[in-house]
Amino acid sequence: MNDDVVRSHARGIPADRVLAATGTTPDDWYAQLDAADGHTIGHTAIAAWLVDAGVDPWWAQSVAIGYEQSRGLRVPGQRSDGTFAVSASRQVPGDREAVLDRAVAAATVTLGHPPTSERRGGKRPSARWTTADRESVLLTAEDGPRPDTVRLSATRERLTGPERMPEAKAALRELLADV
């Protein structure tokens, strides 16, 4: 899989960050999960096992995904339900709500209909479109790394196979470029 489309978990979250956050290296977690039959129990049970071992729930999800990818149980971009997702993001000047308003207008034109749901306010206001083929597009806006900037993210979810990922990623990048 082309890393330009979606990065493997190991490329996305370095081992030293996992160690700092959980007190254990990914390889040591993976060995413990092998011993706990991680290859047969499924994503939810793997994450629950990690939480029971004292790992923060966000990091438990991260370690579980890394484990599944390292053992060939999941390919990069694949969700636990077997569908695929890709995302793109960019930094945009402005405030969260105004940037999301511009992104919603652009996505509405591109997708041909208004969002099927919106969540305004809070740290990550969002809008979601569901398409006729049950795929979805999720836009989120959150404070950027610099004052008066917003990190605008777009995710295409429920793709039926990895062959859809390059086209979907290109469409997301084009959508974000229009904002």
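Is Glu142 buried or exposed? Glu142 is buried, with a relative accessible area of 19%. Buried means under 20% relative accessible area, exposed over 50%, and partly exposed in between, with a 1.4 Å probe and protein chains only.

1. **Ground rules.** This is a predicted model: local features need pLDDT of at least 70, side-chain atom pairs count only at pLDDT 80 or more, and totals for chains, interfaces and linings use all residues. Residues are numbered from 1 along each chain as its sequence is written, and side-chain values use heavy atoms, with hydrogens and water left out.

2. **Overall build.** The chain has eight helices and five strands. Helices (H or I, at least four residues) and strands (E, at least two) are DSSP runs, numbered from the N terminus. Their order along the sequence is α-α-α-α-α-α-β-α-β-β-β-β-α. The C-alpha trace spans about 50 × 35 × 25 Å along its principal axes. Of the 179 residues, 41% are buried.

3. **Contacts.** Take the contacts with a separation of 6 or more: residues 24 or more positions apart account for 53% of them. A contact means heavy atoms within 4.5 Å.

4. Strands β2 (residues 117-119) and β3 (residues 126-130) pair in the antiparallel sense over three bridges. Two strands pair if DSSP finds at least two bridges between them. Glu118 stands opposite Ala127 in β3. Six residues lie between the two strands of this hairpin, and Gly121 in the turn has a positive phi of about 80°.

5. Ser126 has Thr140 in β4 as its bridge partner. Five residues separate the strands of this hairpin, where Arg134 takes a positive phi near 75°.

6. **Salt bridges.** The whole structure holds 13 salt bridges. Each is a side-chain nitrogen of Lys or Arg within 4 Å of a carboxyl oxygen of Asp or Glu. One of them joins Arg96 and Asp143, with the closest N and O atoms 3.3 Å apart. This pair links distant parts of the chain: Arg96 is in helix α7 (residues 96-111) and Asp143 in strand β4, 47 residues apart. Arg96 is partly exposed at 24% relative accessible area, while Asp143 is exposed at 52%.

7. **Back to Glu142.** Glu142 forms a salt bridge with Arg151, the closest N and O atoms being 3.5 Å apart. Arg151 is partly exposed, with a relative accessible area of 32%. Elsewhere, salt bridges that share partners join Glu97, Asp101, Glu118 and Arg120 into one network.
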